[in-house]
Amino acid sequence: MRSFAFWSLVTAILAYMTLPTLVVLMTSVNPTEILAFPSEGVSFQWYEKALTYPDFQIAFRNGLIVTGFASTLALIVGSAFAWLVQRYSFRGRGLLEAVLWSPLIIPHFTLGFGFLLLGGAFGLQQGYVMIVLAHMVLVMPFVTRAVYVSLANIDPNLARAAANLGASPFQVLMRIELPLVLPGMAGGWLIAAVLSLTEFTASLYVTGSRTQTLPVAMYNYIREYADPTVSAVSAMLIIVTTLIMFIADRAFGLRRVLAIDTH
Amino acid sequence: MTPHTRPDSPAGDAVEIVRVRKEFGAAVGVADVSLTVGRGEFITLLGPSGCGKSTLLGMIAGFVTPTAGKIIVDGVDLTEVEPYRRDIGMVFQSYALFPHMNVFDNVAFGLKMRRLPKAQIEAEVRRAIEMMKLTGMESRRVRQLSGGQQQRVALARAIVIRPKVLLLDEPLSALDKNLRAQMQVELSDLHRKTGLTTIFVTHDQGEALSLSDRIVVMNRGEVQQVATPIELYRTPANGFVASFIGEINALPKARYERAGEMAALVLPGVGRLTAPARAQWSFNDGAEVQAFLRPEQVRPALPGEAGANLLTGTVAAHIYQGSHTITRVEVPGIGLVETRVTGAEIISAHPVGTPITLSLDIGEAVLIAA
Amino acid sequence: MTQRRPFFITFLAPAVLTAVILVAAMFEVLQYSVRAFIPGALDVGGFTLDNFTRINRPIYWWVMLDTFYISFLTAIFSLLLSYPVAFALVRARRDWVRSLLVSLSITPLFTGEIVRTFSWMLMLGSDGFINSMLRKLSLIDMPLQIMYTRFGVVVALVQFSMPVMIILLATAISHVDRDCEKAAANLGASPGAVFWHVTLPLTLPGILSGIVVVFAWTMSAFSTPQLIGGGKVLMIANLAYLQGFSVLNLPFAATLSLIALVSALGSLVLMKSATSRIEKRLAIA
């Protein structure tokens with residue numbers, strides 16, 4: 001009986017967590033502009049509208065550009081840094097780590113504002129360079145952590161054994177360490193990409209009308225119109241991100257990357 | 001298989017370790033160790049954990065930088081040479097097999113790094129794999145192998161590069177008891193077949209005694225004794241070596257007295273133990289010495305036996321070990337003395353708590369200046 | 001032998017450059033916060049501390065207090081709702097149940113704040129899902145006003161913060177030595193007593209860090225109060241945005257952003273010391 005009560009409670013809480021998502025999916029196929037619960041019929045017109053709406057098209061393309069550059073740069077810089085932290089101790093390491101981890105704590109609007117002002121100082125405001133830099137800084141802790149965890153799981157004797165067999169430091173890096181952290185890097189890159197693609201607050205500050213990313217375009221749309229077009233965009237985003245996360249978990253053990261150990 | 005000794009190897013010693021020292025901050029890991037390893041020799045670094053043996057091995061392989069001293073292999077000073085240019089084979093305690101490569105690629109790795117022609121790599125790897133009885137497993141993933149097989153892959157990988165020296169870092173410790181005994185035999189075979197100069201690190205005295213040409217006993221970063229297994233067991237250089245190798249009874253400190261051909265140990269409160277003096281007992285009359293006796297050099301006295309070296313005590317415990325029994329006897333003024341006799345008769349003949357008289361073979365005892 | 005550090009500079013340089021850019025951006029915020037505001041111009045004046053003295057007005061105090069209050073409520077409710085889920089997630093016997101729970105509780109983290117905020121707008125609106133359902137069941141005649149209230153904002157914020165809270169709690173719960181619980185049961189403790197006297201105290205560091213992380217994150221919430229609060233609920237991020245983009249008072253916006261940053265950092269520092277003290281008391285550090 002106690003167990004039944006407990007699982008009912010857990011189910012109710014999970015319903016609270018997932019219901020909004022289901023409602024978005026539901027409204028995205030609403031046949032009319034006026035929402036009804038439950039909806040009377042199914043229509044895909046809002047998907048059509050979402051996919052043909054120029055603002056969303058441009059924003060989606062902008063988002064892909066920003067995400068592609070930001071998460072790849074974060075991957076390169078973050079992996080190198082994770083390797084460094086794992087391997088060497090040096091003066092100022094703690095400070096550098098703290099600075100690079102800090103975007104997890106810095107409010108996104110503060111960070112976005114900072115990059116806006118920094119862009120202004122260099123005449124780069126609302127340009128791709130600043131957007132990419134802001135996103136890169138925001139997602140780098142996640143990539144760094146993913147690579148760091150993978151590196152920490154490698155037996156340090158493997159590198160020694162390879163060196164002992166005649167592999168130069170570069171060969172050890174390319175033939176032993178890189179292949180072994182590749183899953184972690186891929187998982188980290190996917191997390192970074194999803195976070196960058198859906199980032200809103202900082203983007204609101206650093207993007208302009210020509211460079212806005214999808215979440216910013218959605219925000220602007222919501223403030224003006226009240227039809228289910230945004231439901232359709234949201235539904236597509238939910239499906240895509242869920243799919244990516246599912247694949248990432250299956251292929252690269254996302255739970256380990258996120259440090260959720262359930263045993 | 002052709003002998004693995006390198007045709008170009010110069011004459012002289014294979015490895016010379018010259019006053020090598022390693023400090024970790026204020027702590028001394030290895031204290032001025034000097035050691036020479038002959039060509040083709042199987043030498044063992046033996047000692048408790050933390051004695052510096054693994055650090056010394058790491059310095060030979062180049063993973064640990066010595067604070068001072070030199071490491072010379074085949075007449076070449078390698079102290080400043082990076083690990084990957086040393087041509088020293090090593091088998092790690094955890095084997096350190098590359099998990100993303102199969103057996104063949106693991107064994108071939110060192111040869112690929114040396115950029116040998118493909119056909120030659122193929123041939124050499126096949127020979128090594130055959131030698132380690134791994135034929136047919138070339139394309140297996142290393143995670144799918146048993147502990148013993150992983151061990152063989154690690155060995156094949158280390159010997160295929162024809163190293164100047166083979167280092168073995170406690171390679172048997174991860175195996176269970178039966179497999180360990182079997183691998184000991186295989187290691188011995190491998191050494192005989194390849195003739196490789198081998199430095200073996202272990203904390204297991206049994207492994208050390210059965211495998212080695214010579215054993216280096218280490219403690220607290222210092223070499224205690226370098227000797228053949230038999231010398232080590234029979235004539236340990238000091239109390240640490242005596243207690244570390246095999247079981248031994250340490251008697252309390254005694255005064256050494258010499259009277260012609262006879263020597264005597266005067267134990268305060270116990271009495272005199274006497275034996276014909278031995279050549280190596282070169283102590284001054286009245287010197288303080290400590291005697292060490294193996295359990296097999298102590299036996300229960302025969303009924304009615306009389307003589308000089310008898311001690312009476314109380315049986316404290318019997319430890320039955322199948323072929324023999326270890327009996328612990330509490331002797332007043334000395335403490336626990338162990339005796340080792342074949343069979344189990346002693347257990348019923350002298351129950352725990354009853355008195356027993358022991359006869360000590362002092363002539364075989366190891367005497368060390370205290 | 002000299003110490004060799006292959007790739008040291010090569011790998012360090014990009015990280016240092018990134019850090020420098022980030023610090024420069026934060027420095028710009030600091031720099032603007034001590035500049036004078038020139039109405040009608042984007043350029044700023046000379047050095048001044050006026051922006052900080054300006055904070056000392058009731059209207060801004062109320063925004064700050066509201067921000068703290070909402071963040072606090074969110075953290076507490078997030079904890080209460082997350083603990084059972086985290087517990088189930090760690091202790092479920094079947095593998096597939098654990099996988100399902102992880103998926104359901106973690107996925108919302110990755111859909112982004114706009115999608116999540118929008119979905120709550122659909123839930124809470126006067127013609128939204130909740131009001132429609134309640135009306136269908138004839139429980140209400142007039143729609144409940146949940147949108148544009150503090151309550152609505154908290155309801156949405158709690159759901160946002162739960163994935164992070166669940167991750168932190170699950171980690172803490174999974175580190176509890178089950179033998180301690182068995183020992184307590186063996187000594188006669190009922191399941192409830194085991195939980196209260198063993199499990200809960202041992203997960204206290206996780207609970208504390210969960211509360212503070214959620215508190216700090218919620219303090220910087222922007223889109224939820226912006227869209228669900230609809231101007232009726234103003235948190236510090238909304239005030240900063242308003243000052244920066246409507247009033248175009250960049251210096252004051254910078255001051256508010258800086259205060260938010262310092263509050264977030266401050267609560268984390270507080271947590272660090274509190275957690276380490278608790279861990280020391282529990283001797284599980």
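In this predicted model, helix 3 of chain C passes helix 4 of chain C in a left-handed crossing. The axes of the two helices, which cover residues 58-91 and residues 95-106 of chain C respectively, come within 8 Å and cross at roughly 145°. On the side of helix 3 of chain C, the residues that take part are V85(C), A88(C) and L89(C), and they meet R98(C), L101(C), V102(C) and S105(C) in helix 4 of chain C. By residue class, the contact of helix 3 of chain C with helix 4 of chain C divides into 5 nonpolar residues, 1 polar residue and 1 charged residue.

Chain C as a whole contains 13 helices and 2 strands, and its C-alpha trace spans about 85 × 75 × 35 Å along the principal axes. Of the 285 residues in chain C, 46% are buried. When contacts in chain C between residues at least 6 apart in sequence are considered, 69% of them join residues at least 24 apart. The UniProt record, an unreviewed entry, lists "domain: ABC transmembrane type-1" for residues 64-271 of chain C. Over these residues of chain C, the chain is 77% helix and 0% strand, with the end C-alpha atoms 20 Å apart. A cysteine of chain C, C180(C), is found in helix 8, which runs over residues 178-186 of chain C. Because C180(C) has 13 C-beta neighbours inside 10 Å, this residue counts as partly exposed. Between C180(C) and S103(C) there is a separation of 77 residues in sequence, and their C-alpha atoms are 29 Å apart in space.

Chain C also touches chain A, in a contact that takes 65 residues from chain A and 71 residues from chain C. On the side of chain A that touches chain C, at least two residues are supplied by each of helix 1 (2-27), helix 3 (54-87), helix 4 (93-101), helix 5 (108-121), helix 6 (128-152), helix 8 (169-198), helix 10 (214-224) and helix 11 (229-252) of chain A. Helix 1 of chain A gives the most to this side, with 14 residues. The residues of the side of chain A that touches chain C comprise 49 nonpolar, 13 polar and 3 charged.

For chain A, the UniProt annotation "transmembrane region", again from an unreviewed entry, covers residues 64-86, 98-122, 128-148, 180-205 and 225-248. Within the stretch at residues 128-148 of chain A, the chain is 100% helix and 0% strand, and the end C-alpha atoms are 29 Å apart. In the stretch at residues 225-248 of chain A, the chain is 83% helix and 0% strand, and the end C-alpha atoms are 35 Å apart.

Chain B has 9 helices and 21 strands, and its C-alpha atoms fill a box of roughly 80 × 45 × 40 Å along the principal axes. Buried residues account for 39% of the 370 residues in chain B, and residues 24 or more positions apart supply 66% of the contacts in chain B that have a separation of 6 or more. UniProt, in an unreviewed entry, places the feature "domain: ABC transporter" at residues 15-245 of chain B. This span of chain B is 36% helix and 26% strand, and its end C-alpha atoms lie 25 Å apart.

Strand 6 of chain B pairs with strand 7 (residues 165-169) of chain B in the parallel sense over 4 bridges, and the bridge partner of G89(B) in strand 7 of chain B is L166(B).

Helix 1 of chain B, at residues 53-61, is mostly covered, with 9 of its 9 residues buried. The buried residues in helix 1 of chain B are K53(B), S54(B), T55(B), L56(B), L57(B), G58(B), M59(B), I60(B) and A61(B). Just after this helix of chain B, G62(B) takes a positive phi of about 100°.

Methods
Residues are numbered from 1 along each chain as its sequence is written. Chains are lettered from A and ligands numbered from 1 in the order in which they are written. This is a predicted model: local features need pLDDT of at least 70, side-chain atom pairs count only at pLDDT 80 or more; totals for chains, interfaces and linings use all residues. Two residues are in contact if their C-beta atoms, placed from the backbone, lie within 7 Å. Ala, Val, Leu, Ile, Met, Phe, Trp, Tyr, Cys and Pro count as nonpolar, Asp, Glu, Lys and Arg as charged, and the others, Gly among them, as polar. Axes are lines fitted to C-alpha atoms, for helices over the stretch in contact, and angles run from 0 to 180 degrees between N-to-C directions. A crossing is left-handed if the near helix is turned anticlockwise from the far one by less than a right angle, and right-handed if clockwise. Two strands pair if DSSP finds at least two bridges between them. A residue is buried if 20 or more other C-beta atoms lie within 10 Å of its own, exposed if 12 or fewer, and partly exposed in between; C-beta atoms are placed from the backbone. UniProt positions are given in the numbering used here, feature names are shortened, and annotations may be inferred rather than shown by experiment.
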